[in-house]
Amino acid sequence: MGMFWLLAFILWQIIPTQAAITVGGGGVGINIGNAGGGGAGVWIGGGINNGPTPSNPSVPKLTTAYTALQAWKSAITDDPLGILKTWVGSDVCSYKGVFCAGPGPFVAGIDLNHANLQGSLVKELSVLTDISILHLNSNRFSGTVPDTFKDLSSLQELDISNNRFSGPFPAVTLYIPNLVYLDLRFNSFSGPVPEDLFNKRLDAIFLNNNQFEGELPQNLGNSAASVINLANNRFSGNIPASFGIASSKLKEILLLNNQLTGCIPQGIGLFSEMQVFDVSHNSLMGHLPDTVSCLSDIEVLNLAHNKLSGVLPDLVCSLGSLLNLSVAYNFFSGFSQECSKLSFRKGGFDFSLNCLPGRDMQRPQPECLVIPGGGLSCLRIPSARPLVCGALLGNLEVNVSSTSP
């Protein structure tokens, strides 16, 4: 029932009228109308015998939906949970996992998460132009996303995670006009990620646990997203030097377990709302930029398993919101007083296997004689004055432009 309520709320937001939500027969009903009464009735389906579901097969949108869903049903080769046993007859609003709204009525959402279906997506689904949610995670769908999906003009959330999709990045997702949530994680997509992805007005981008490779697009920091997860892929090269200069709305970015090299850019400090920054298990080198101390909302800072060096400064270890800091398996050689305090707190703070003098659980001395990337020149703000976080943007724009070809 919790899922019914969630979808009812989302669909209620889409329909700009006053609504009262009612529950009965295994579904959720929404009565749309003015305060004086009257108006039309809407029923959200999702099961068998859900109560007052539409029964008129002559309604054009439902007839079109019937044709599309039956074409998709034919492309599904295994249904161990018997979900599709309910996909019989022209009343598509009674199909399990299909949700309708009105007036109309029309198919407004499909949620087949954890249905364990095997098969593929079909081009006919593109006729469901009123659908706003397509959730298909944890199935066994394979192939790729049909090019016709660009016609899904109302689609806001596309979740095809934890399936068996493969091939290049599904470029058709860039042309779904109102998409705000894109989840492709835990599949076998490969190749580069297009720059246009980070120009779209997406709020969440999940590409982790695929086989994407190549350099990170230079406009990565331009994204309007609050969450970007690119972890557990094969990305290589540097984090773009302009990262952070164009946007400051990012709250979580996960780049862990890739093949990234070079420096952590100074622009990281411009993400004033950043809560999670995880670049662990890469090959990043150089010193930690002072601008990390401007991440006033940071809760998780994971730099472990890289080749970072230098001194871990007080300003970083004194961040007020910090709950988890790991710099393990690096080459840090200096340890400030504030960081020393953190090392005695229980859990969440790991400074092991560095080159910190007088500390337990550090690297053997021979490993600390040659620091990786010792000659690496990272972009730094050329100023001897104390760092002023509010003045970062102007300084960084000057430095980045001066280093551009």
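The following dialogue asks how labels given to parts of this predicted model rest on computed values.

Student: What should I keep in mind about the model and its numbering?

Tutor: This is a predicted model, in which local features need pLDDT of at least 70 and side-chain atom pairs count only at pLDDT 80 or more, while totals for chains, interfaces and linings use all residues. Residues are numbered from 1 along each chain as its sequence is written, and side-chain values use heavy atoms, with hydrogens and water left out.

Student: How many helices and strands does the chain have?

Tutor: The chain comes to 5 helices and 26 strands, where helices (H or I, at least four residues) and strands (E, at least two) are DSSP runs numbered from the N terminus.

Student: Why is Asp-183 called buried?

Tutor: Buried means under 20% relative accessible area, exposed over 50%, and partly exposed in between, with a 1.4 Å probe and protein chains only. Asp-183 has 0% relative accessibility, so Asp-183 counts as buried; this residue is found in strand β12, residues 181-183.

Student: What makes the pairing of Asp-183 with Arg-185 a polar contact?

Tutor: A polar contact is a pair of N or O atoms within 3.5 Å; within protein, one must be able to donate a hydrogen and the other to accept it, and residues adjacent in sequence count only if both atoms are side-chain atoms. The side chains of Asp-183 and Arg-185 make such a contact at 2.9 Å, and another, of 3.3 Å, joins the side chains of Asp-183 and Tyr-181.

Student: Which residue has its ring face under Arg-185?

Tutor: Arg-185 lies over the face of Phe-206, at 4.4 Å from the ring centre, the rule being that NZ of Lys or CZ of Arg is within 6 Å of the ring centre and within 35 degrees of the ring normal. Phe-206 is also among the residues that Asp-183 touches, not counting residues up to four places away in sequence, contact meaning heavy atoms within 4.5 Å. Elsewhere, Arg-363 lies over the face of Phe-331, at 4.0 Å from the ring centre.

Student: Why is the pair of Phe-243 and Phe-271 described by the angle of its planes as it is?

Tutor: Rings of Phe, Tyr and Trp (its six-membered ring) pair if their centres lie within 6.5 Å, and planes under 30 degrees apart count as stacked, over 60 as edge-to-face and the rest as tilted. A search of the whole structure finds 8 aromatic pairs; for Phe-243 and Phe-271 the ring centres are 4.8 Å apart and the planes stand at 50°, so the pair is tilted. The pair links distant parts of the chain, 28 residues apart, with Phe-243 in the loop between β17 and β18 and Phe-271 in the loop between β19 and β20.

Student: How do you know whether Phe-243 and Phe-271 are buried or exposed?

Tutor: Phe-243 has a relative accessible area of 2% and is therefore buried, and Phe-271, at 1% relative accessibility, counts as buried too.
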